[in-house]
Every structure is written in C-alpha cells, then in structure tokens.
Amino acid sequence: MQRSDPVKLWIIRHGQAAAAESHEDDSDRPLTELGRAQAGWLGRVLSNPAHAPHRVIASPAVRTLTTARLICEVIQPEPDEHGELSCAHGLGEAVQAVAEVFEGSNPGCGAMVGHISTFSTLVRWLIGSDGVDGVMLRTGQAALVEIRCSPTELSPGCGELLEICRRPS
C-alpha cells in the first residue's frame, strides 16, 4: 500500500564506545569523549526543522541510550528505550520497531539509535540494496531514509536513501 505522504527515518549508529575488552557486559560500554562529541553533532544535524524527528527510540545498551539522550538534548523529545533494538536482535525486530517510531499523530520524521550490523542491514533492506558492499554505518553516523509506504507495511526497496551524515574530522 503506497502512502500519499512519505515519512523520513533517521537510522543512527551510536557514537564511539569504550573498548569491548574494558567491560564484562558489552551493553554496559559507555561513550568515549569522541562518541559524546559525535552524538552532540548529530543532535545539531537532526535539529533542522525540515527533518527533525518527533520521536526517538534506542537500544537499551548504555552507548545507544547515551547517544540518543545527547541528541535529544538538542531536539527535545525524550528518547524511548526499545529492547528489540539490542545487539542480540536482528533485522526482523528492527523492521517491526520502524512502525512503532511512527505511531501517533505526527508521523513526519522519526529516529532510531542502535548498532552496526542490524542498522546497516536495515538501511540496505529499506533501499533495496542486497549487497554487503552497500551502506555501512560507522560510529556516530546517521542515514536519512524516506519511506514511501506505510511504516506498518514495510517491504524491501520501499525507501530511498536521502543522505548519510558523517561528522567532519
């Protein structure tokens, strides 16, 4: 089913985190200073009224929630923790979470903050790129995808990649 009004989705990989070896539980890794700077920069990018998200959901991992909170300090909505976006979950759960981002009365633009493999795969799936040589989000990067179908009826290739935001060095 085609929508008359496409929605935009920011798919964001968390900022740079402490080394995995430094923490017993991977989900407890905090952001580094660079990761905090990346998140603040993304908040400024996402504050553009043309594509500021009305809702932000994030994986429960410390690094993703911190990234989401730092972004939301700039854009205002408080992020929602979403267990289905954790590292242990895959593409199917991420696709289901997209519909939840757009629940409510203001579905124009939303955002999700999560992890590399699932989110890079989600971008490729939405834009119909089946090769692994396609989009690969690095830490602190975000992809803006325009979705041209109902977020509750997603299918491969229903979106268009509008931009990938990379913090200048």
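Reply: Begin with handedness: H1 passes H2 in a right-handed crossing. A crossing is right-handed if the near helix is turned clockwise from the far one by less than a right angle, and left-handed if anticlockwise. This is a predicted model, in which local features need pLDDT of at least 70, side-chain atom pairs count only at pLDDT 80 or more, and totals for chains, interfaces and linings use all residues. Residues are numbered from 1 along each chain as its sequence is written, and side-chain values use heavy atoms, with hydrogens and water left out.

Me: Which residues of H1 and H2 make the contact?

Reply: Contact means heavy atoms within 4.5 Å. H1 contributes Arg36, Ala39, Leu42, Gly43, Arg44 and Leu46, while H2 contributes Thr66, Thr67, Leu70, Ile71, Val74 and Ile75.

Me: What describes two packed helices?

Reply: The angle between their axes and the distance between the axes describe them. Axes are lines fitted to C-alpha atoms, for helices over the stretch in contact, and angles run from 0 to 180 degrees between N-to-C directions. Here, the axes of H1 (residues 33-46) and H2 (residues 62-75) come within 8 Å and cross at roughly 40°. H1 and H2 are therefore oblique to each other; angles under 35 degrees count as roughly parallel, over 145 as roughly antiparallel, 65 to 115 as roughly perpendicular and the rest as oblique.

Me: At what angle do H3 and H4 pack?

Reply: Helix H3 (residues 91-101) packs with H4 at about 65°, their axes being 9 Å apart. H3 is thus roughly perpendicular to H4.

Key
Helices (H or I, at least four residues) and strands (E, at least two) are DSSP runs, numbered from the N terminus.
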